[in-house]
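Here is a short report on the fold of one chain. Look at the overall dimensions, then at the sheet.

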Amino acid sequence: MWDILVSYCSDALLITGSFLSLTFAIGLLRFPDFYTRMHAAGVSDTLCAGLIVLGLVLQAGISLVTLKLLFILLFLWFTSPTASFALARAAHRAGYRVSEQEEVASSNS
Amino acid sequence: MKHSLLLTALLVLFWLALSGHYVAFTLILGVLSIALVMWLNRKMHISDEKVMPPLLLLRLPRYWAWLLLEIIKSNIHVAIKIWQPRLDIQPQFKKIPSPWKRDVTRVVHANSITLTPGTVTVMVDKDTLLVHSLTDETMQALESPEMKEQLEKLERFQ
């Protein structure tokens, strides 16, 4: 009984995670420019990865594997914003601007 | 010195948790790799109180719990924006204040913003962050007093 419940929970988490991954891909295609596309990528970094790892944790049960999976999540959540920041900063420093209005806003403030 | 001992203890625990093989050969490899990491740490001067105050480790889990809720909320917000048939976004740049005394707090602030979908930190200055936001709503969430409060608590705890 308990096994079945855990397995259903795990399936639900994995399916929701995969759906968010699909959402991210569609956002990547739909959004108009570099910066807005980065926001779509944020969905796949955080909740999508988190749900999939949690789903796998439920599959693995309590063991060293669980701990390793949670460490993967922790390091992903530490490193991915750093990488995103490096990308955004590089784009901004290279002078990539989106529209006139945004350019004015960033140089005024 | 105290800090190096704490870090060594954490590394030993981490290594034991990841290894899973407790025979002499792998244990020796573990000791060697930890020694290498600590040596590099000392050469890079990244292992001191200023960079990672030990007390912060105690406070961080509570901050993470709050951040996780914010991340879930903005994930849903951005996912809805992606699926909406008509694209309803207001991309914008804005400078927001980040008046923290400690570098760690500023790093946590900038990384939290980037980790939250819908907002990305583009530049970090001495006391401001340049942020790009997908919609008006995600920008408002950043300027809320709640975030400031959480970071103030984090800074006080060091």
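The model is predicted. Of the residues in chain B, 25% count as buried. Among contacts in chain B with a separation of 6 or more, 65% come from residues 24 or more positions apart.

Chain B holds six helices and three strands. From the N terminus, the order is α-α-α-β-α-β-β-α-α.

The strands form an open, antiparallel sheet in the order S1-S3-S2 (chain B). S1 and S2 of chain B stand at the edges with a single partner strand each, so one side of each has no neighbour in the sheet. On average, neighbouring strands are turned by 30° against each other, direction ignored.

| Element | Residues |
|---|---|
| Strand S1(B) | 92-97 |
| Strand S2(B) | 119-124 |
| Strand S3(B) | 128-133 |
| Helix H4(B) | 103-115 |

S1(B) and S3(B) pair in the antiparallel sense over six bridges. One residue pair to find is Pro97(B) and its bridge partner in S3(B), Thr128(B). Helix H4 of chain B lies across S2 and S3 of chain B. This helix, H4(B), runs at about 140° to S2(B).

Note on methods
Residues are numbered from 1 along each chain as its sequence is written. Chains are lettered from A and ligands numbered from 1 in the order in which they are written. This is a predicted model: local features need pLDDT of at least 70, side-chain atom pairs count only at pLDDT 80 or more; totals for chains, interfaces and linings use all residues. Two strands pair if DSSP finds at least two bridges between them. Helices (H or I, at least four residues) and strands (E, at least two) are DSSP runs, numbered from the N terminus. Axes are lines fitted to C-alpha atoms, for helices over the stretch in contact, and angles run from 0 to 180 degrees between N-to-C directions. Two residues are in contact if their C-beta atoms, placed from the backbone, lie within 7 Å. A residue is buried if 20 or more other C-beta atoms lie within 10 Å of its own, exposed if 12 or fewer, and partly exposed in between; C-beta atoms are placed from the backbone.
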